[in-house]
Amino acid sequence: MQYRIDGTPLPVVICTLAAGETMITESGGMAWMTPNMKMETSGGGVGRMLGRMFSGESLFLNRYTAQGGEGMIAFASSFPGSILPVEIGPGSGMICQKRSFLASEAGVELSVFFQKRFSSGFFGGEGFIMQKLSGRGTAFLEIDGHAVEYQLREGQSLVVDTGYLAAMSESCSIDIVSVPGVKNMLFGGEGIFNTVVTGPGKVVLQSMPISAVAGVLRPFFPSSSN
């Protein structure tokens, strides 16, 4: 599989497949393709379907296979931002935010990722249920806004406002901590909880989470009572 990523601020990844090669995406993820791309829809079993439901993805995945020669298929972003290619392999899986998976080669497996501290997830909001990408192959992630990457050393941490964490290596750990001080919580404007990511591994942050955009726009929309 070869690919190129075109366009801003609504990018598209255009993949060229040799005969017999397959891409997977959630239901409705395909933007355009050549006629020789055969589509098959699969749930992948009840357990995986429930996992995708909890992580905010479609219950079903579509498989697109090039038949009789080279094929082309494109997957477009649904929100202004970036498309980030990541290489998945044994011991180098990625943990991603909900709804970030766009498409991947067929060797990549999707599963649900829960934080170890169950209570932290309830109070931390966005960080509770995430996706895990494992297996082997190239995957494409939708990033809200611009992607900023950091490589953390063993024990090195970043404090991230909830929602700005797009992805991290499976070798990283994550925790939810409360903002210190009642005054800071109530009047600081940064919410009540932050996400702490600890290395070793790569961390991908996003500059414009959908939740933040929604919060900025909310005052400009009429209320339902009007």
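Accessible areas here come from the Shrake-Rupley method with a 1.4 Å probe, and for residues only the protein chains shown count as cover.

Colleagues, a word on the basis of this talk. The model is predicted, with local features needing pLDDT of at least 70 and side-chain atom pairs counting only at pLDDT 80 or more, while totals for chains, interfaces and linings use all residues. Residues are numbered from 1 along each chain as its sequence is written, and side-chain values use heavy atoms, with hydrogens and water left out.

I begin with the chain as a whole. The protein chain has four helices and 19 strands; these are DSSP runs, helices being H or I of at least four residues and strands E of at least two, numbered from the N terminus. Of its 226 residues, 42% count as buried. Buried means under 20% relative accessible area, exposed means over 50%, and partly exposed lies in between, with a 1.4 Å probe and protein chains only. Contact means heavy atoms within 4.5 Å. Among contacts with a separation of 6 or more, residues 24 or more positions apart account for 78%.

I turn now to the sheets. In general, strands of a sheet pair through backbone hydrogen bonds, either parallel or antiparallel. Two strands are taken as paired if DSSP finds at least two bridges between them.

In what order do the six strands β3, β5, β6, β8, β10 and β13 form an open sheet? The order is β5-β6-β3-β10-β13-β8, and the pairing is antiparallel. At the edges stand β5 (37–42) and β8 (81–88), each pairing on one side only. From one strand to the next, the twist averages 20 degrees; such angles run from 0 to 180 degrees between N-to-C directions, with axes as lines fitted to C-alpha atoms, for helices over the stretch in contact.

Within this sheet, let us follow β10, residues 101–105, of which four of the five are buried. Three bridges join β10 to the antiparallel strand β3, residues 22–26, and M23 stands opposite E105 of β10. M23 also has a bridge partner in β6, namely Y64; β3 and β6 (residues 61–66) are antiparallel and share five bridges. Towards β13, residues 137–144, β10 again runs antiparallel, with three bridges. There, F101 stands opposite L141.

The loop between β9 (94–96) and β10 holds R99. R99 is not a glycine, yet its phi is positive, at about 70 degrees. R99 counts as partly exposed because its relative accessibility is 45%.

Is I88 buried or exposed? I88 counts as buried, because its relative accessibility is 5%. Leaving aside neighbours within four places in sequence, the contacts of I88 include G93, M94, V108, L133 and A139. I88 and T138 are 50 residues apart in sequence, but their C-alpha atoms are 6.0 Å apart in space.

A further open sheet of six strands has the order β11-β12-β9-β16-β19-β14, with antiparallel pairing. Its edge strands are β11 (108–114) and β14 (147–152), each of which pairs on one side only. The twist here averages 20 degrees from one strand to the next. Seven bridges link β11 with the antiparallel strand β12, residues 129–135, and E109 has S134 of β12 as its bridge partner.

Next, the cis peptide bonds. The bond from T8 to P9 is cis, with omega near 0 degrees, and P9 lies in the loop between β1 (2–6) and β2 (12–17). The bond from G199 to P200 is also cis, with omega near 25 degrees; P200 is placed in the loop between β18 (193–198) and β19 (201–206).

Strand β18 also contains T195, which counts as buried because its relative accessibility is 4%. Beyond residues up to four places away in sequence, T195 touches L158, V159, V160, T162, L165, I174, D175 and I176.

I close with the surface. Which residues form a nonpolar patch there? They are V216, L217, F220 and F221, with about 470 Å² of accessible area together. Patches consist of residues with over 30% relative accessible area and no salt bridge, joining like charges within 9 Å and nonpolar side chains (Val, Leu, Ile, Met, Phe, Trp, Tyr) within 5 Å. A salt bridge is a side-chain nitrogen of Lys or Arg within 4 Å of a carboxyl oxygen of Asp or Glu. F220 lies in the segment after α4 (210–217) and counts as exposed because its relative accessible area is 69%.
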